[in-house]
Amino acid sequence: MNKWGVWRDEGFLRRVMQQSHLNRTSFSGKMKSPSWGYRPKRSLPPDRWKERIIPCGKELEGIKITNLDFEEVITAPPEGSQVLIYIDPPYFRAKQESHYVHPFKEKDHVRLVKVLRNTPYKFFLTYDDVPEIHDLYEWAYIYPVQFFYRLDNSQNSNGLRQLGFELVITNYPLEKKSKQKKLYDYSLNGDVGPQSSPITKQYSIMNSKIVKSPFRFPGSKAQAIKYIRPFWELYAHDEFREPFLGGGAVFFAKPNVRYNWINDISNELIITYKIIANPNTRKQLIKLVSKEIATKERHIEMKEWEPKTDLEVAYKYFYLNRTSYSGIMKKPAWGYHPKKSVPPSRWGPRIESAGLKLNDVKITSLDYHEVIEASPQGERVFMFIDPPYYEADQKRAYEYSFTVDDHIETIQLDL
Ligand SMILES: C[S@@+](CC[C@H](N)C(=O)[O-])C[C@H]1O[C@@H](n2cnc3c(N)ncnc32)[C@H](O)[C@@H]1O
């Protein structure tokens, strides 16, 4: 630009405008053979593009911007006293030719690993989770994470994005969040906790809501979620199974993944879950329970009532579960506390939020081993197994008790 604010090289300005236009209107911003991808209702309209350009321009003032091969940047002498490099190379297994103008070949991945092995600077690197990368970086710290992404037009049957298993690789260990926190409770440089994490946010396109179980349940893990959460967050998976569901404290606290399967041997419990999962029957159940009163007399009446339809089974099950001591459904005893228990006026909202979470979830009433042994639907299956405790007062707590033989059989399953 000259001192009059006029571009000397009109051709250059035209090229910049052309590239920016293509980037904002092409599918996924893909610049190699760009295809039309602007969606009038979702994409940023042209009259708002300046909202992105102006603040970015400000951020870029004084920044060194080069057009070099990565090796030159990583190996350049330091200007500051402590250098941190973020490296986001094309994926090892990406369809390079179709996505990037400059494909990154296997020899480039090997060149990158050699440069990083020798760098005196700290770096963090993101890659696709494939065996080759584990091999190349076995000398570094490797943390698996999961993201959703769309590099191409592929969508699964629900119109959801693909789940990508990714690695964050560093040459320094991630800090533990705090000394009191348990095993595996990492934070990425302290600012990526479960709530703020961009990784977790990606789940918003699935059913990421954390809701409370609609049931009270003996042996519920509701109070232990903060200790259990790190175990599911650190293992990237696209299929989740919970064969001993009970009140499902973990299922309801965990973001849904692509395939979700919940199961319990208790037929009445599962009928109730299915009634809650279906929007029509859920509405009817909410209508029924919302009119209820929690009294000892009504509790006795309900216990004696013989339901005929699945909706009635669910109605009875839900009422007794909410008003009986500890949610114990075997010979339920009155256990509602007017000041402490959730009142009938709040039962409906509990059912509604649980129902939304159950959308598209496979719900069965099988013996646990059928669930554990079934063939996978996703690429990586993760299971939360919460059988009745070995020393639990089973005869009292559950309708179906789990014997010592059952415990031994669980260990012997060939996983
Ligand atoms: C400890 S509870 C699960 C509690 C649950 N994690 C929660 O947070 O509410 C165990 C569950 O296992 C179920 N169960 C017992 N034997 C089973 C079997 N053979 N197969 C499947 N489920 C079984 C019981 O009905 C009970 O609901």
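Student: Which residues in α10 meet which ones in α13?

Tutor: E268, L269, I271, T272 and I275 in α10 meet D310, L311, V313, A314, Y317 and F318 in α13. "Meet" here needs C-beta atoms, placed from the backbone, within 7 Å. By class, this contact has eight nonpolar residues, one polar and two charged. Nonpolar means Ala, Val, Leu, Ile, Met, Phe, Trp, Tyr, Cys and Pro; charged means Asp, Glu, Lys and Arg; the others, Gly among them, are polar. Keep in mind that this is a predicted model, where local features need pLDDT of at least 70 and side-chain atom pairs count only at pLDDT 80 or more, while totals for chains, interfaces and linings use all residues. Residues are numbered from 1 along each chain as its sequence is written.

Student: What angle do α10 and α13 pack at?

Tutor: About 105°, with the axes of α10 (residues 267-277) and α13 8 Å apart. The axes are lines fitted to C-alpha atoms over the stretch in contact, and angles run from 0 to 180 degrees between N-to-C directions.

Student: And what makes α10 roughly perpendicular to α13?

Tutor: The rule is 65 to 115 degrees for roughly perpendicular, under 35 for roughly parallel, over 145 for roughly antiparallel, and oblique for the rest. An angle of about 105° puts α10 roughly perpendicular to α13.

Student: Then why are α12 and α13 called oblique?

Tutor: The axes of α12 (residues 296-304) and α13 (residues 310-323) cross at roughly 140° and come within 10 Å. That angle falls among "the rest", so the pair is oblique. Their crossing is left-handed, meaning the near helix is turned anticlockwise from the far one by less than a right angle (clockwise would be right-handed). H299, M302 and K303 of α12 make the contact with K316, Y319, L320 and T323 of α13. Sorted by class, that's three nonpolar, two polar and two charged.

Student: Why do α11 and α14 count as roughly antiparallel?

Tutor: For α11 (residues 279-290) and α14 (residues 347-357), the axes cross at roughly 165° and come within 9 Å. They are therefore roughly antiparallel. The crossing is right-handed. On the α11 side the contact uses P279, R282, L285, I286, V289 and S290, and on the α14 side W347, G348, I351, E352 and G355.

Student: Over to the sheet: how do you know that β5 pairs with β6?

Tutor: Pairing takes at least two bridges found by DSSP. β5 (residues 239-242) and β6 (residues 259-263) have four and run parallel, with E242 opposite I262 in β6. β5 also pairs with β8 (residues 381-383) in the parallel sense over three bridges, and R241 has M383 as its bridge partner in β8. β6 and β7 are parallel too, again over three bridges, and W261 stands opposite K362 in β7.

Student: What strand order does the open sheet have?

Tutor: β7-β6-β5-β8, four strands with parallel pairing.

Methods
Helices (H or I, at least four residues) and strands (E, at least two) are DSSP runs, numbered from the N terminus. Two residues are in contact if their C-beta atoms, placed from the backbone, lie within 7 Å.
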